[in-house]
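Have the sequence and the 3D view handy as you read.

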Amino acid sequence: PFSYKKKGESIVQLFYPRRFWFLIINLHIIFQLISQSKYPIRRCWDAALRATGMYESSLVLLQRYQPRSITFSNDHTMEPRALLLAATQLNIPTFFIQHACVRPDFPSLRFDHSFLEGQDAYDKYKRCGEIKGSVHLVGIPRIDAYLRKKNTSKKVSRIGICSNLLDSIEAIQVVLSFIEKSFPELEITYRPHPSDQRVLKVSQRIVVSDSRVENPFDFLLQQDLILAGNTSIHYEATMLNIVSLYYNFDQNSQVEDTYDFVKNKLEQRVESLNQLTEIIDQNMKEKEEVVDKAKYYNAVLETPDEGKSEDLVLAKIKEHFLSKSRT
């Protein structure tokens with residue numbers, strides 16, 4: 001359902017052969033799922049419909065092309081789950097590279113080799129269930145090139161506000177207007193979630209980051225402080241020594257600290273706009289150094305392997321195939 005581009009090249013969407021046929025012959029299973037009471041799925045029947053036949057289609061796909069291995073960057077949506085089950089059935093080696101901060105409600109790890117970013121991810125996956133395969137704490141390959149550009153500002157003069165789809169437009173506009181009026185000397189940038197199609201009216205003074213085009217790290221490198229709710233951009237900002245503040249735009253929301261960032265003291269919770277004013281004022285005088293807080297999330301941060309996460313992953317993958325060739 002997505003359309004992405006990487007370095008000017010379109011990413012090929014995976015095609016599931018005979019997907020519709022497998023759906024038709026398994027329709028009776030969908031009705032069985034809907035009618036059973038132990039795990040009621042009536043409210044998400046559409047998910048069952050989309051998932052039915054995906055495993056069988058994955059088997060056909062892998063039997064046709066016989067890949068030497070499969071590398072996953074997502075372990076909790078339908079397509080990769082089906083593909084993983086099929087690969088396991090066919091004894092195809094599987095590698096998992098964590099692509100963002102994880103939550104303790106994710107599926108348990110079932111890969112031959114799982115490359116996790118740090119102790120935080122490992123601790124959460126241990127709570128998800130039994131881990132199969134080897135686990136390697138390698139840091140964050142996607143941030144390698146940016147770690148040498150960590151923020152060195154002594155005072156905050158640039159602030160970014162990030163929102164997600166759960167934040168109401170009205171609440172976002174209130175915060176933007178408040179910061180704009182309270183801090184006329186600050187450079188302000190607003191960055192919505194890449195999937196957010198809603199229209200937000202902002203003044204000409206506020207720069208809007210196109211999150212579908214601008215890399216999140218390129219955005220972060222232009223900030224000294226960010227304000228955001230439930231999003232993984234907090235820990236990426238902290239690794240770049242950017243002050244990160246947690247603020248729930250919807251004060252009545254039941255969703256709180258989804259990634260345990262506040263709980264693990266990665267970031268400070270902002271309870272009100274008045275408190276936000278005090279924190280920003282303080283950092284405009286002397287910006288807080290925060291990179292040490294991110295070590296729990298990035299295993300190689302401020303070690304000799306910092307910035308070499310990609311090399312660590314490649315070395316382990318090569319080691320896997322070398323050991324297989326010897327046997």
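Here is a short tour, starting with the ground rules and moving from the sheet to a serine.

This is a predicted model, where local features need pLDDT of at least 70, side-chain atom pairs count only at pLDDT 80 or more, and totals for chains, interfaces and linings use all residues. Residues are numbered from 1 along each chain as its sequence is written, and side-chain values use heavy atoms, with hydrogens and water left out.

**The sheet**
- You'll find an open sheet of 4 strands in the order β3-β4-β5-β6, with parallel pairing; two strands pair if DSSP finds at least two bridges between them.
- β3 (70–72) and β6 (132–137) are at the edges with a single partner strand each, so one side of each has no neighbour in the sheet.
- On average, neighbouring strands here are turned by 20° against each other, ignoring direction.
- Strands and helices are DSSP runs numbered from the N terminus (strands: E, at least two residues; helices: H or I, at least four).

**A closer look at one pair**
- β4 (residues 94–97) pairs with β5 (residues 110–116) in the parallel sense over 3 bridges.
- Phenylalanine 96 has serine 114 in β5 as its bridge partner.

**Serine 58**
- Serine 58 belongs to helix α4 (residues 54–65).
- Its relative accessibility is 0%, so serine 58 counts as buried (under 20% relative accessible area, with a 1.4 Å probe and protein chains only).
- Setting aside neighbours within four places in sequence, serine 58 is in contact with Tyr16, Ala82, Leu83 and Ala86 (contact means heavy atoms within 4.5 Å).

Methods
Axes fitted to C-alpha atoms, helices over the stretch in contact; angles between N-to-C directions. Buried < 20%, exposed > 50% of the residue type's maximum accessible area, 1.4 Å probe, protein only.
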